[in-house]
Amino acid sequence: MTPRTPTQGSTREEPLLEVENLRTSFPTDRGDVTAVDGISFGVDTGEIFGIVGESGSGKSVTALSILGLAADGEVEADAIRFRGEELSTREMSAVRGGEISMIFQDPMSSLNPVMTVGEQIAEVVRHHGEVGESTGILSELRRKYVTGTSDSSRSWQRAVELLDTVGIPDPEQRANEYPHQLSGGMKQRVMIAQALAGDPSLIIADEPTTALDVTIEAQILNELFELRDEFGVSIVLITHDLAVVRETCDRVAVMYAGELMETARTETLFDEPTHPYTKGLLRSIPRVDDDREWLNAIDGTVPDPFNRPSGCPFRDRCDAAFELCSEPLDRYDATGTDHEVRCHLQHDAVDIDDGEPVVEGSLHSRLDGTETEPLDERSGVVEPGGERQ
Ligand code: SF4
């Protein structure tokens with residue numbers, strides 16, 4: 001792979017990837033379901049950017065939408081830019097697997113069971129990697145008869161090298177094996193080797209360690225670190241595991257019901273979580289020194305996509321919800337941001353007095369510029385899904 005200058009997310013120059021107002025919906029018998037609802041973010045060169053949230057929050061659909069792989073999905077975005085160039089769907093297909101590659105969640109269903117793992121990696125090398133740049137029958141014949149090598153043998157060699165790079169023991173032999181002959185950890189490494197075969201600048205890793213035990217998980221995460229540190233590869237890490245986020249990411253975006261709720265540098269998110277949903281997620285992490293009988297869970301579930309609450313989508317589960325939470329929330333752009341929170345409690349017009357939110361003046365006039373009747377001076381805290389106290 002070609003080394004690039006790692007910036008560890010510190011640059012505020014043009015991001016490598018910029019996603020502007022991404023929206024993805026899926027048609028169903030009951031109507032369209034919105035899985036991703038107007039999110040904007042950017043990833044810097046050499047940055048590890050985490051996207052966290054519980055199942056159904058839209059993390060994986062975000063990744064698939066960026067890569068044009070959201071089957072049956074209606075994907076719209078104001079722009080998806082890579083290295084500052086806006087990519088059409090067709091251009092995205094060209095860079096997919098090469099400059100931008102993806103490590104999928106489940107290697108067993110992502111690898112082809114009837115091809116050796118070496119051949120599956122070599123195929124990507126031929127298509128996107130340095131060998132693939134010089135394909136063509138004349139080039140192939142010249143290499144074969146003049147230099148004694150062929151694209152096939154060179155790409156196979158490269159596949160073996162990549163298996164070695166990701167720490168597979170005895171890579172020459174393993175390259176000749178089929179996925180079912182490898183352990184879960186090895187299959188995940190094969191997926192990483194395959195992602196590296198196109199010499200990517202950006203890897204989107206969707207729950208890359210979910211099915212692995214903690215020892216293998218640590219090894220895989222180290223591989224990702226090395227990719228960033230040695231080659232300056234940027235990584236979008238999609239996970240529900242906050243421990244993994246804390247260990248690996250430079251910045252984190254918290255997603256809920258297809259929307260961004262809080263984005264911050266990792267240490268800020270863990271030291272000063274601000275959004276009630278982020279606080280709930282952090283409270284739910286079990287600790288070894290904790291003598292609680294029951295773990296803290298966030299009551300309720302992600303809202304029914306056909307029956308979303310108005311205003312804040314977390315309203316029915318939020319123990320800080322108050323009268324104004326049924327009002328729409330402004331969206332933010334998480335490109336290069338150090339800390340953004342999407343919650344009415346953070347609005348300039350809202351103060352906390354004795355633990356309760358207090359609205360000053362007309363919030364409507366401040367939120368959207370439309371003058372309306374002033375709201376109550378003081379709004380009581382509402383129990384999740386309940387009436388004002
Ligand atoms: S306080 Fe309101 S806006 Fe903030 S997270 Fe709770 S429900 Fe949403």
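The questions and answers below set values against cut-offs.

Q: What kind of model is this, and how are residues numbered?
A: This is a predicted model, in which local features need pLDDT of at least 70 and side-chain atom pairs count only at pLDDT 80 or more, while totals for chains, interfaces and linings use all residues. Residues are numbered from 1 along each chain as its sequence is written.

Q: Why is alanine 257 called buried?
A: A residue is buried if 20 or more other C-beta atoms, placed from the backbone, lie within 10 Å of its own, exposed if 12 or fewer, and partly exposed in between. Alanine 257 has 24 C-beta neighbours inside 10 Å and therefore counts as buried. Buried residues make up 40% of the 389 residues in the protein chain.

Q: What makes arginine 83 partly exposed?
A: Arginine 83 has 15 C-beta neighbours inside 10 Å, so it counts as partly exposed. Arginine 83 sits in the loop between strand E5 (79-82) and strand E6 (85-86), and has a positive phi of about 55° although it is not a glycine.

Q: How do you know what counts as a helix or a strand, and how many of each are there?
A: Helices (H or I, at least four residues) and strands (E, at least two) are DSSP runs numbered from the N terminus. The protein chain comes to 13 helices and 14 strands.

Q: What makes E10 and E11 a pair?
A: Two strands pair if DSSP finds at least two bridges between them. Six bridges join E10 to E11, which run antiparallel, and valine 254 stands opposite glutamate 262 in E11. The hairpin of E10 and E11 has two residues between the strands, and alanine 257 takes a positive phi near 50° there.

Q: Why is E11 described as largely enclosed?
A: Six of the seven residues of E11 are buried, so the strand is largely enclosed by the rest of the structure. E11 also pairs with strand E12 (residues 339-341) in the antiparallel sense over three bridges, where histidine 339 is the bridge partner of alanine 264.

Q: What makes E13 and E14 a pair?
A: Strand E13 (residues 350-353) and strand E14 (residues 356-359) are joined in the antiparallel sense by four bridges, with valine 350 and valine 359 as bridge partners. These strands form a hairpin with two residues between them, and aspartate 354 in the turn has a positive phi of about 55°.

Q: How do you know that the span of H4 is close to the expected value?
A: The expected span of a helix is 1.5 Å times one less than its number of residues. Helix H4 (residues 117-128) has 12 residues and reaches 17 Å from its first C-alpha to its last, close to the 16 Å expected. H4 is mostly covered, as nine of its 12 residues are buried, including Ile121 and Val125.

Q: What makes a set of residues a nonpolar core, and which members touch the most others in the largest one?
A: A nonpolar core is a set of buried Ala, Val, Leu, Ile, Met, Phe, Trp, Tyr and Cys residues joined through C-beta atoms within 7 Å. The largest core has 86 residues, of which Ile121, Ala159, Ala193 and Val236 touch the most other members. Helix H8 (residues 184-196) gives the largest share of this core, seven residues.
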